[in-house]
Amino acid sequence: MQSLFSILLIMLATSLISCDAQTPQRNSEQKVNVDKKDEYFEKAITLLDKGGIDNNLLAIKDLEISAKTGNSEALYNLGTIYQYGKAGKIDYKKALSYYLQAAKKNHLNSIHNIGILYQFGLGVNQSYSNAYYWYKKAADKKFPMSINSIGALYSEGLGVTKDDVKSFEYYKKAAELGDMVAAYNLSLSYSLGRGTQQNDQKSFYWASVAAKDGHPSAQNNLAYKYSKGKGTEKNIEKAFYWYQKAAEQGLATAQYNLAIMYETGRGTTKDLDKAKIWYSNAASQGDLDALKKLRKL
């Protein structure tokens, strides 16, 4: 069993801050904020690292002070809080507002995330053409995630004319810049001969790059390649190793494959109890084959 990973990431927010009518006090406070921009920002990041809604709410206050001084990272982090609901609820419109403010300061992650919001219609009307516009702004500055996202748009023909060759070229460029999702997509392109000549060795290479960076679907695919000897020498022990890596990250397909390894004793010692555990984990995510296997053990 194999599955293609698609993954995705989203972010950011907006908030209006009221001003006191006492002009001298406001000016004095503003100077303190400028002088302590990094202090407020670093304090906020420490609170965010601790986690929890209470800490996140405190972090918002410091981030807002830092953002007033023009700190684009503060704007970006405010966005992530609202995007993921870390302040108690998700607010995509605020996320977009903070992204836009940071984008004016050429914050590439924020520009990329605006593209995500448009691609998936989060807080805005879904628009693939707008998604492409924002991805392209970041891609032109060699931002790997945006380059990969453009590759995905060309692959599916979303907002652009479907073009497998262009998709491959964008995946390759992003992968060479270190984007693990692009490395996985590039591996698939080589495996399927999509937009390029089919090449098992290159597919194996890029799957290994993405797998070592922690991409679960790449880890599962790399395990499959080792189990079948595709693009590399057959190695059942390495197949087991990579299935386990992907399974531990929660990928249902890998959990199923790992359970088979335990059930049959391939690449590891036969262990039906562990096989049951991994079949159960996969079944709990809706894997019907795992559920059938579980009932037979």
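The axis of a helix is here a line fitted to its C-alpha atoms over the stretch in contact, and the angle between two axes, taken between their N-to-C directions, runs from 0 to 180 degrees. The views below all come from a predicted model.

**View 1. Helices α10 and α11 cross at roughly 160°.** Helix α10, which covers residues 180-192, and helix α11, which covers residues 200-212, have axes that come within 8 Å of each other. Because angles over 145 degrees count as roughly antiparallel, α10 and α11 are described as roughly antiparallel to each other. The crossing in which α10 passes α11 is left-handed.

**View 2. Residues of α10 meet residues of α11.** On the α10 side, the residues in contact are M180, A183, Y184, L186, S187, Y190 and S191, and on the α11 side they are K202, S203, W206, A207, V209 and A210. When the residues in this contact of α10 with α11 are sorted by class, nine are nonpolar, three are polar and one is charged.

**View 3. The side chain of S66 is joined to that of N71 by a polar contact.** S66 belongs to helix α3, which is made up of residues 53-68. The relative accessible area of S66 is 0%, and because buried means under 20%, this residue is classed as buried. The polar contact between the side chains of S66 and N71 has a length of 3.0 Å.

**View 4. The side chain of S110 is joined to that of H107 by a polar contact.** S110 is part of helix α6, which runs over residues 108-120. With a relative accessible area of 0%, S110 is buried, and its side chain makes a polar contact of 2.9 Å with the side chain of H107.

**View 5. N106 has a positive phi in the loop between α5 and α6.** The loop that holds N106 lies between helix α5, residues 92-103, and helix α6. The phi of N106 is near 60°, which is a positive value in a residue other than glycine.

**View 6. K142 has a positive phi in the loop between α7 and α8.** K142 is found in the loop between helix α7, residues 128-139, and helix α8, residues 144-156. Although K142 is not a glycine, its phi is positive, at about 65°. The relative accessible area of K142 is 57%, and this residue is classed as exposed.

Definitions and conventions:
Residues numbered from 1 in each chain as written. Predicted model: local features only at pLDDT ≥ 70, side-chain atom pairs only at ≥ 80, totals over all residues. Heavy atoms only, no water. Helix = DSSP H or I, 4+ residues; strand = E, 2+ residues; numbered from the N terminus. Parallel < 35°, antiparallel > 145°, perpendicular 65-115°, else oblique. Left-handed = near helix turned anticlockwise from the far one by under 90°. Contact = heavy atoms within 4.5 Å. Nonpolar A, V, L, I, M, F, W, Y, C, P; charged D, E, K, R; others polar. Buried < 20%, exposed > 50% of the residue type's maximum accessible area, 1.4 Å probe, protein only. Polar contact = N/O pair within 3.5 Å; in protein donor to acceptor, adjacent residues only side chain to side chain.
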